[in-house]
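Please open the model in a viewer and keep the selection panel at hand.

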Amino acid sequence: MLVIRAVEDLPNRGIKKGDEFQLYIVDAHHHMGREKGHKNTPSGAYDFYAQLWFEMQKKSETLLNEEHLLFEPIGLAAPKLATKLFQSRPNWARVDHGWLVDRTIVFPYTDDYSIPSSKGEPSFKVSNDKIWSWTTRAPHSSRLIGFARVNPLDGSLDGNLIAVKELDRSVFSLGLRGLKLHPLAQLFVDSIDKNEPREVVKRAGELGIPVIFDTRNIRTVVRIKRLVDSMRNDPDCGAAIKGLRVILAHCGMTPGDSRLYEALKDPLIFAETSTLHDKDVPVLFESAYERLGASPINWSEKILFGTDFSFLSVQAMDVILYLLSRDFPGTLADAQRVLAGNALSLVQSPYRTTMGSSEPPIELICKDESFTIQHDLEDQIIKLLTGGIWDLGSLDFMIPPLGTWPEPSCISKGGFNGVDMESYVLSLKSKEKSKEMHFWIRRRPDSLLSCTVLSTQGMTRLETLENASQKLGQVLLKSISDHSQTYQSSREMESEVLKLLS
Ligand SMILES: [Zn+2]
């Protein structure tokens with residue numbers, strides 16, 4: 001998280017000079033693997049964020065002297081549970097840095113592993129396996145979110161598209177949570193809205209995962225918009241449209257073009273900021289504010305921060321520093337949505353695979369006024385992860401439903417920025433791949449701590465990280481309350497929880 005301090009009073013926003021805030025940051029565009037001169041792994045990502053922070057501090061000094069900044073970046077803070085996990089083993093503690101960025105959406109390059117080894121095998125199979133191995137194991141699973149990549153033009157096998165099969169495998173077996181498509185690298189720029197590419201996007205919609213498209217010009221943006229429109233008008237795509245969300249990486253590299261904003265008026269289309277730097281950055285945000293401001297959607301819910309590391313590097317700081325500047329037309333809540341909220345809302349559900357079973361949930365509740373029981377339980381779970389039978393598929397904090405992201409409160413008043421670091425879901429998977437569960441910790445009214453063990457499949461699985469009863473669904477909530485037990489003694493509850501996890 002980035003810690004910032006107001007450089008002057010902002011009475012119309014209720015902010016005083018010296019007030020400090022912490023902004024959670026998600027990088028929505030990041031590559032891992034190997035492609036020609038490019039090579040990146042989790043530790044490479046964290047090193048890059050450390051470098052980005054170093055460069056940002058230097059640049060912010062100049063900007064402060066020129067009185068450009070309204071908020072001064074003053075430090076970094078790691079989410080407590082994530083850093084506690086990293087600190088639990090010496091070799092993990094060595095990579096416990098770079099906390100300018102809290103979460104990273106990771107996908108393959110067009111890399112050395114992407115070429116199929118035999119006929120009928122999908123492109124990117126090995127690349128997707130590598131993304132899985134980096135993003136769904138402790139400790140990196142607390143920071144990284146893996147997306148798959150496929151080549152729609154891989155052809156068919158037994159009447160099925162090879163790319164669709166690979167996408168299914170990536171989601172069902174690997175638990176990857178989104179899809180990256182690159183029309184230029186995989187040579188389907190002219191057929192984005194037709195045939196195989198359309199089938200792949202349709203499948204992603206049915207699976208309910210977001211699709212991020214590389215877009216380097218406005219023609220590609222227009223074609224993607226046409227694709228979404230044609231699916232919307234196709235009765236065959238009803239299920240796909242329900243789950244479809246499309247992200248235009250690089251904003252089409254044309255932040256001033258009105259056609260970009262015509263696309264963004266579509267409720268299913270979003271844009272990501274990587275490659276934009278220098279003068280592009282104000283053009284993007286001012287245009288979005290002006291052109292989307294009048295539409296019913298909030299303009300700042302349409303833009304996601306991304307770096308495109310390792311193709312690009314420290315120019316990403318231009319976006320962050322602009323959000324802290326006097327020129328940015330939005331509030332801190334708008335900045336927080338761009339920096340993290342929108343990406344988290346699009347990813348939405350925690351890691352799971354078809355390894356999970358379908359059983360009713362079990363909830364255990366206990367009074368926990370001083371958070372001692374919660375912190376104790378966290379220590380116990382980390383112990384299970386470092387030594388025991390469990391691995392961590394993901395750690396996801398609960399978020400407010402889209403459209404309700406709050407204005408961040410200053411650190412002296414709790415520092416809440418929308419990401420609820422006291423309520424979260426741990427995806428636990430057994431190391432011998434026989435069991436998988438969601439362990440959901442929630443703070444409930446009256447200082448109650450609730451721990452729920454959930455199956456990752458079936459009717460009573462957790463579909464969303466949005467913390468609101470109307471989003472969670474009646475079936476799930478009813479089933480939880482039917483299987484809920486309140487404990488008077490913390491020791492009794494803790495031992496019950498550990499029994500469920502053993
Ligand atoms: Zn990229």
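Select Arg 216 first: in this predicted model, the residue counts as partly exposed, at 36% relative accessibility. Asp 214 has a relative accessibility of 3%; because the limit for a buried residue is under 20%, Asp 214 counts as buried.

Next, select Glu 466 and Lys 471. Their side chains also meet in a salt bridge, here at 3.7 Å from N to O. Glu 466 is buried, at 4% relative accessibility, whereas Lys 471 is partly exposed, with a relative accessible area of 41%.

Now select Lys 84 together with Glu 378. The closest N and O atoms of this salt bridge are 3.0 Å apart. Lys 84 belongs to helix 2 (residues 80-86) and Glu 378 to helix 13 (residues 372-387), so the pair ties together parts that are 294 residues apart in sequence. Lys 84 is partly exposed at 26%, while Glu 378 is buried at 8% relative accessibility.

To view a network of salt bridges, select Lys 225, Asp 229, Arg 232 and Asp 266, which are linked in this way. The count of salt bridges in the model comes to 33.

Colour the site by accessibility: His 31 is buried at 2%, and Asp 308 is buried at 5%.

Finally, select Thr 460, in the loop between strand 20 (448-454) and helix 14 (469-472). Is Thr 460 buried or exposed? At 12% relative accessibility, Thr 460 counts as buried. Display its surroundings: leaving aside neighbours within four places in sequence, the residues in contact with Thr 460 are Glu 359, Pro 360, Pro 361, Leu 454, Ser 455, Val 475, Leu 476 and Ser 479. From this group, pick Glu 359 and show its backbone oxygen, which lies 3.5 Å from a polar atom of the Thr 460 side chain.

Technical notes:
Residues numbered from 1 in each chain as written. Predicted model: local features only at pLDDT ≥ 70, side-chain atom pairs only at ≥ 80, totals over all residues. Heavy atoms only, no water. Buried < 20%, exposed > 50% of the residue type's maximum accessible area, 1.4 Å probe, protein only. Helix = DSSP H or I, 4+ residues; strand = E, 2+ residues; numbered from the N terminus. Polar contact = N/O pair within 3.5 Å; in protein donor to acceptor, adjacent residues only side chain to side chain. Contact = heavy atoms within 4.5 Å. Salt bridge = Lys/Arg side-chain N within 4 Å of Asp/Glu carboxyl O.
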